[in-house]
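Work through the exercises below with the model open beside you. Try each task before you read its solution.

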Amino acid sequence: GVLGVLGIARNITQRQLDEGELRRQKDLLDRTGRLARVGGWEFEVSTMRGSWSDETARIHDLEPALGVDVAQGLSFFHGESRRIVEQAVQGAIASGQPYDLEVEMISAKGARKWVRTMGLPVFEGGTVARLHGAIQDITERKRMENEIRRLNAELEERVCQRTVELAAANKELETFTYSVSHDLKAPLRGIDGYSR
């Protein structure tokens, strides 16, 4: 026969409520990041591995992934941009120097994009243990800045042309005025003589 029954019951209602709230908060953060085109990332200095947010993956034209490494992140930067980002990351690790850069990258689909990337070292025991950061797609802003520069240069060129045209018109007017005044001197002398 059965001598007894032992049962354990646990109320998990609060945990389910907390998990639901965490999901809502994550969804809100994801939507906000997508609207602002800002993604987050972090990596451990000891392993040079870490993770990035779904928006960071989207900026790179990749599917969201759980684990990424620093070499993979750096592979999207080329030439001068690569050198600048590598120096900033090395400086952040070696001396705890945060950085905030605007550089060009090439996404996984070959799209040229301008990004603002920021890194913030996190210290543990007096040394940099990991880097946290953000990346923002600023391609549209850069396009607009270039358009404004182009329009300003065009406007400046027009002003220079108009200034040259105005100077030429003033010179013609000056010549005409001199000619008229010279041509009127003789008749005015004659009128003055007859009037006396």
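## Salt bridges and a cavity

In this predicted model, a salt bridge joins the side chains of Arg 162 and Glu 165, at 3.7 Å from N to O.

**Exercise 1. Where do Arg 162 and Glu 165 lie, and is each one exposed or partly exposed?**

Step 1. Find the element. Helix H5 holds both residues.

Step 2. Count the spacing. Arg 162 and Glu 165 are three residues apart, about one turn of the helix.

Step 3. Check accessibility. Arg 162 has a relative accessible area of 56%, so it is exposed, the cut-off being over 50%. Glu 165 has 49%, so it counts as partly exposed.

**Exercise 2. Which parts does the salt bridge between Glu 102 and Arg 141 tie together?**

Step 1. Confirm the contact. The N to O distance between the two side chains is 2.7 Å.

Step 2. Glu 102 belongs to strand E4 (residues 99-106), and Arg 141 to helix H5 (residues 139-195). The pair therefore links parts that are 39 residues apart in sequence.

Step 3. Check accessibility. Glu 102 is partly exposed at 34%. Arg 141 is also partly exposed, with a relative accessible area of 34%.

**Exercise 3. How many salt bridges does a search of the whole structure find?**

The search gives 19.

**Exercise 4. Which residues lie closest to the centre of the largest cavity, and what lines it?**

Step 1. Count cavities. The structure has one of 30 Å³ or more. The largest cavity holds about 270 Å³ of space.

Step 2. Go to the centre. There are 19 lining residues, and the closest to the centre are Trp 41, Trp 52, Val 70, Gly 73 and Leu 74.

Step 3. Assign elements. Those giving two or more residues to the lining are strands E1 (38-44), E2 (49-52) and E3 (68-69), with helices H3 (70-74) and H4 (79-95).

Step 4. Sort the lining by type. It contains 11 nonpolar, six polar and two charged residues.

Notes. Residues numbered from 1 in each chain as written. Predicted model: local features only at pLDDT ≥ 70, side-chain atom pairs only at ≥ 80, totals over all residues. Heavy atoms only, no water. 1 Å grid on protein atoms, 1.4 Å probe; cavity = no way out; pocket = protein on both sides within 12 Å on 5 of 7 lines; lining within 4 Å. Points joined across faces, edges and corners; volume = space filled by probe spheres on them. Helix = DSSP H or I, 4+ residues; strand = E, 2+ residues; numbered from the N terminus. Nonpolar A, V, L, I, M, F, W, Y, C, P; charged D, E, K, R; others polar. Salt bridge = Lys/Arg side-chain N within 4 Å of Asp/Glu carboxyl O. Buried < 20%, exposed > 50% of the residue type's maximum accessible area, 1.4 Å probe, protein only.
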